[in-house]
Amino acid sequence: MRIKVCISYYLEYNACKAGIAELEACNEHTFIVAPLRGSVLALQRNTLINGGVSSKRYQKPEKGYDGFLTIDSDIEFTLKDVLSMLSANESIVALPYETKSKSGVYQVGKWGRVKGDIGFKYGTSERGFKQVDWIGAGMHYVQAEVYATTEYPWYRHTLVGTEELQSETGEDIGFCLNVQEHSYTIWCNFDNPVQHNKGLDMTTQTQEQPKLPNSIDTEVLKQTSELNIFLSDLAGGWKMLTDTISNLNKQLVEANSATAEIAKKLADLEDKKKN
């Protein structure tokens, strides 16, 4: 299979580099590594999937890939970890990793009172290959067809709760809600956890400024995305205007027809009076 490895990072992604080297040396599958520097995770994740070329509600991911492997810059992994996801042959598979606080729970769980409420997290003693409600997006594999059949933006911040009390989800929870609304199931292999490196957080401020040839300026991507959204809204507004004019013309024709019919009936009444 040909798989795009999507790495969102802020300043560096050293925690991933040993695993990336193993992927690039793999003969069983072709892994194309694509790091993207920035600070807006939802934008980075979506851009890595579609190349930042479209803002359409339904669209296909970047061509030429069977699936997309998303890895955060502070995750340590091996080729064996990745192959365990691919061998499951499921549409969406994640590997668990512990929270940054090392609190003995994974960034994986079940919904709480409402969908989108991360009310339950699995403990680090959990084992087995299980269906879950939500995952952290730091280490997961998604088959290309999932992105092609779910709504863009795939990774999104979503409001959940009740009319009286709402909260905004992270982009990873928004992704889970999105795919579940389209009848996809999320799986997690608890037998294969990966390391969440607290010392190499994507938002860690250091003086090191990496110069990577295939990094993309996120601010430019953000502006491009905003322009695409504006153009999409403009096109939608123009269509609404033309539809309104078309409806008004139709109503005018119907009104003229009704007026002509009334005039004809009045003329007939006048003729009858004369006779």
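Mentor: Start with helix 1 (residues 14-24), whose buried residues pack against strand 1 (2-9), strand 2 (30-37), strand 3 (67-72), strand 4 (75-76) and helix 3 (79-86). Before going on, keep in mind that this is a predicted model: local features need pLDDT of at least 70, side-chain atom pairs count only at pLDDT 80 or more, and totals for chains, interfaces and linings use all residues. Residues are numbered from 1 along each chain as its sequence is written, and side-chain values use heavy atoms, with hydrogens and water left out.

Helices (H or I, at least four residues) and strands (E, at least two) are DSSP runs, numbered from the N terminus. The buried set in helix 1 is Ala15, Cys16, Gly19, Ile20 and Leu23, where buried means under 20% relative accessible area, exposed over 50% and partly exposed in between (1.4 Å probe, protein chains only). Looking down the helix axis, those buried residues fall within an arc of 110 degrees, so they line one face of helix 1; the arc is that of the directions from the helix axis to the C-beta atoms. Turned away from that buried side, the exposed residues are Ala18 and Glu24.

Now for the cores. A nonpolar core is a set of buried Ala, Val, Leu, Ile, Met, Phe, Trp, Tyr and Cys residues joined through side-chain atoms within 4.5 Å. The largest one has 34 residues, and Ile92, Val108, Val132, Tyr147, Tyr155 and Phe175 touch the most other members. Among the elements giving it two or more residues are strand 2, helix 2 (41-50), helix 4 and helix 5 (171-181). Helix 5 supplies the largest share of this core, five residues.

Tyr152 sits in the loop between helix 4 (144-148) and strand 11 (159-161), yet Tyr152 is buried, at 14% relative accessible area. Leaving aside neighbours within four places in sequence, its contacts (heavy atoms within 4.5 Å) include Asn46, Asn50, Ser54 and Arg57. The C-alpha atoms of Tyr152 and Tyr58 are separated by 5.9 Å, although the two are 94 residues apart along the chain. Gln143, in strand 10 (residues 139-143), is buried too, with a relative accessible area of 18%. With neighbours within four places set aside, Gln143 is in contact with Asp66, Gly67, Asn89, Glu90 and Ser91.
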